[in-house]
Amino acid sequence: MNISVENLTKTYGPQNAVDDISFTVNTGEILGFLGPNGAGKTTTMKIITCYMAPSQGSVRVGDYSIGEHADEIKKRIGYLPEHNPLYKDMPVIEYLEFVAKLQGLAKSGIPQRIKKMVQLCGLDLEKHKKIGELSKGYRQRVGLAQALIHDPEILILDEPTTGLDPNQIVEIRNLIKEIGSEKTVILSTHLMQEVEATCSRAIIISKGKLVADGAPSTLQKQAQGSEVLKVTIEDGVPEDIYNKLQQLATVKSVDLDPKRSNHFIIAGNSELSSKRGVFQLCVQNNWVITEMIPVEKSMEDVFRNLTLN
Amino acid sequence: MKQIWTIAIREFRAFFDSLIAYILIMVFLGLSGFFTWLYGADVFYTGQASMQPFFAIAYWTMFFFIPALTMKMLAEENNTGTIELLLTKDVSDMQVILGKFLSVMLLVLIALVFSLPYYFTIAWLGPIDHGAVWCGYLGILLMSAAYAGIGLFTSSITKNQIVAFLLALLIGMFFLIIFGTLAGNMTGVLGKIFAYLDVSGHYQSISRGVIDSRDILYFLSISALGIFMAQAVLAKRNTTN
């Protein structure tokens, strides 16, 4: 099922929390929804899940629109809200049963479905405990289990890994990836590694506006611009190497690292790579390259570039 | 309808899990039993086989108990954010409110069922006006429905349960005391309006055995007004924050 968001705007008083955002998500895609805190991620998700009405614009889920067919959409969406609110005084099993009934599952199929969720989310040992007694990681799993109980076609997860330890984060990400292969998933986060690790596409929003949309690798490339190399060249006089490097056609500028001798930072010209040129130069002069590292811009840099201005 | 029932059952279980139900039933039976059998204008003092003392006490206990039941219903969901979880399931705002309303009425019904032995014992002691007793029970139910409506409304406007409780008592106080006092001090149209708004007249005429559609309409409209106002408050998230 596809989700298409068109010109979505949500106003809180004088402030536009979401400002004219449009994007689409296709089946099988895991969309990373990135943005600094307060960028409008949660608001957008609340609108898609039919919790709130938008001020302007529309959202279509498959053939349904949020204004007219909220009930049909709610049946098809599994939602894990921010902070993962749960009824703490209910036992896990009872809670899952409650959600299953609310989502209109046939009574005969409920016990089996719960069993499957308990297995999938690794809740077997905790299933009879009250939710309030569980640790944060297990609560997160209960949150995921309740979102998945009715086998929704769409999964919307608002910061699913905040507050988890590294092992739990990896587990939850794997779970999301496993589930996401046949569903439409939107996942909000402000962690870059999360997008790189799980998402097939990323959207970055800042101050309510969409600032980037594409595969994580494409976004990275866009921000990358020209090539930057860190090179250590030995067996030569640094000044001599410096001068000759600068004469290469593909090299825009060369910096000497003041902390390490014979270490150069080479910025390339436009899209041409200067790796070969540097190598040939060294061969001609009998210098030895002991290190050559291409400097990659991470998603973090992409994010900062796009959201700080 | 199925959704309403699912929510009602969850709330109903929560009453028993949190001991609220046991406390309510025990205190309700204890208080009303004390005044029916042992103290003041009790059955033996008046020498009449009548449930009037019981209904007179229920009139006050419900005034305190219903807000205690409803205070957490929406306030806690607002506070913890579970309301978002609930409303993104396949349920409407109205179904959530009606489910909660129904659970309160169920608990009141259970408490009243446990008070039936009083009725049977008094009926065994002497001739009792059976019609009046059943009308009295109906009166309690109707009054509880009105308080539940008010309680759900006050619970919807805040995240703080205590605020919800006190506000429900305050609004209840108007219907229970203040409108009656105002009616006593005023004449003409205003006096009549306040007299109509006062609970006691309606409750007493029902618990004496007179079923008037105006009295029933009175309680049901307070209840409905509370429910619709709670729904309007919930729907506010769609316009502003």
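Predicted model: local features only at pLDDT ≥ 70, side-chain atom pairs only at ≥ 80, totals over all residues.
1. Start with the contact itself. Chain A puts 27 residues into it, and chain B puts in 25 residues. Together the two chains bury about 2600 Å², with 55% of that on carbon and sulfur atoms.

2. Next, the charged pairs. Two salt bridges are counted between chain A and chain B. One of them joins the side chains of Lys46(A) and Glu84(B), at 3.9 Å from N to O. That distance sits inside the 4 Å cut-off for a salt bridge.

3. Polar contacts are worth a look too. Between chain A and chain B, eleven residue pairs are in polar contact, both partners being at pLDDT 80 or more.

4. Which parts of chain A supply at least two residues each to the side that touches chain B? They are strand 1 (3-12), helix 2 (70-76) and helix 3 (92-102). Helix 3 of chain A gives the most, with six residues. Sorted by class, this side of chain A has 15 nonpolar, four polar and eight charged residues.

5. Finally, step back to chain A as a whole. Its domain assignment gives domain 1 (3-214) and domain 2 (223-297). The C-alpha centres of these two domains of chain A are 47 Å apart.

Terms used: Residues numbered from 1 in each chain as written. Chains lettered and ligands numbered in written order. Heavy atoms only, no water. Contact = heavy atoms within 4.5 Å. Buried area = accessible area lost by both parts, 1.4 Å probe. Polar contact = N/O pair within 3.5 Å; in protein donor to acceptor, adjacent residues only side chain to side chain. Helix = DSSP H or I, 4+ residues; strand = E, 2+ residues; numbered from the N terminus. Nonpolar A, V, L, I, M, F, W, Y, C, P; charged D, E, K, R; others polar. Domains from an automatic or database assignment.
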